[in-house]
Amino acid sequence: MKQKTAIQEFLKGLWDENPVLVSLLGLCPTLAVTVSAINGLAMGLAATFVLLCSAFLVSLLRKVIPNQVRIASYIVIIATFVTIADRFLAAYTPDISKALGPFIPLIIVNCIILGRMEAFASKNGIGRSLLDALGMGAGFTLTLLVLSSIREILGSGTWFGMQLMWPSFAAWKVMVLPPGAFLTLGCMIAAANWINTRRRS
Amino acid sequence: MNLLVIFISAALINNFVLSQFLGICPFVGVSKKIDSAFSMGIAVTFVMVIAAMVTWLIYHLILVPFRLEILEYVAFILVIASLVQLVEMFIRKVSKPLYDALGIFLPLITTNCAILGLALNAVLNDYNITETLFYSIGAGLGFTLALVIMAGIREELELVDIPHSFRGAAITMVIAGSLALAFMGFAGLI
């Protein structure tokens, strides 16, 4: 395979290998926290932070960690940074921390992060791993932002808490309930498939 | 009575997959055939119950007395990872056919967020050990139920003409949405 340039390394996470829409990783937090745009954004940023820090450390230690215990080591590294992110959110933004609930600690078992560690950071240098992590994090955050914006605008008529729809707009309550998450994500995946087929042909 | 409420609430009303969004990856990945969906559900239930018990003991007998609650996440995930390894060895020793049937899905249970989510929820809700037991059994059976229903629908789907863009994951999500809608009906149960 041809070596990618640095910018391609970053860009692939945004669309071609988008962790949610194409690889279908990290679906649990994607579906659960996207009730409002601010929650989606916070979740995306927290996951990006963990992804960046873990990619840095894993890439740094990739020659030190024995092959047999690598997964366990990655999980411990990830869990450490998740604890940091969790305490940080709880201290500075208690409301968001409450809204995201158990899904902040569940970043530990987010397959995007472990997947990138195993597939990329453990085999590449620090610079490339950071770019890859940044791209994947950005792709994840953007997808969450779009999904949560759709759900918040249709489900409560607001966006980041601002009133967006006309006053007589009847909110689609189902969008902020669990079924709305599944339906919206299903349509987003279908849209991504459609765009990709169109581009290819 | 309280135990029954916890059990039913974990299995149906707050179904792990369809209303709490835990364990979506196996829900999408292993729900192609009813057989494998059922085995997966049982294996997850098994790990869930043991993991919930062990993490409860560790949290209340080690982490709390020594004021080490900050290590909660690291400790829990390590326990779950080693537990899955242990269960894997145990099943291989006791029942080879079951081991072969589960295949790759067995080690993947480690990264199933339903297990860690269950352990964390049990601590968050301040359950005692019997309540945790009922909570974990209910959650596991609810997970199995959702998986088997989904697999049943997907087996039928193979014969259906689906729009091209919706094939695969997209249609699975839409179906899960309708299932979640149906499960919301259980909210009036208690």
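Lys and Arg are counted as positive and Asp and Glu as negative, with His and the chain ends left out; the place of each charge is NZ of Lys, CZ of Arg, CG of Asp or CD of Glu. On that basis, chain A carries 16 positive and 8 negative charges, and their mean positions lie 6 Å apart. In chain B, the mean positions of 8 positive and 11 negative charges are 9 Å apart.

Before I continue, a word on conventions. What you see is a predicted model, in which local features need pLDDT of at least 70 and side-chain atom pairs count only at pLDDT 80 or more, while totals for chains, interfaces and linings use all residues. Residues are numbered from 1 along each chain as its sequence is written, chains are lettered from A and ligands numbered from 1 in the order in which they are written, and side-chain values use heavy atoms, without hydrogens and water.

Let me turn to the fold of chain A. Helices (H or I, at least four residues) and strands (E, at least two) are DSSP runs, numbered from the N terminus. Chain A has nine helices and two strands, in the order α-α-α-α-α-α-α-β-β-α-α along the sequence. Its radius of gyration, taken over C-alpha atoms, is 18 Å, close to the 17 Å from the globule rule (2.2 Å times the number of residues to the power 0.38) for 201 residues, so chain A is as compact as a globular protein of that length. The C-alpha trace of chain A spans about 60 × 50 × 25 Å along its principal axes.

Chain B, by comparison, comprises nine helices and zero strands. Here the radius of gyration is 17 Å, close to the 16 Å given by the globule rule for 190 residues, so chain B is as compact as a globular protein of that length. Its C-alpha trace extends about 60 × 45 × 30 Å along the principal axes.

Next, burial and surface. Buried residues (under 20% relative accessible area, 1.4 Å probe, protein chains only) make up 51% of the 201 residues in chain A and 51% of the 190 in chain B. The accessible area, from the Shrake-Rupley method with a 1.4 Å probe, is about 9200 Å² for chain A, 70% of it from carbon and sulfur atoms. For chain B the area is about 8800 Å², with 70% belonging to carbon and sulfur.

Finally, contacts, meaning heavy atoms within 4.5 Å. Among contacts in chain A with a separation of 6 or more, 75% join residues 24 or more positions apart. For chain B, 76% of the contacts between residues at least 6 apart in sequence link residues at least 24 apart.

Conventions. Buried means under 20% relative accessible area, exposed over 50%, partly exposed in between (1.4 Å probe, protein chains only).
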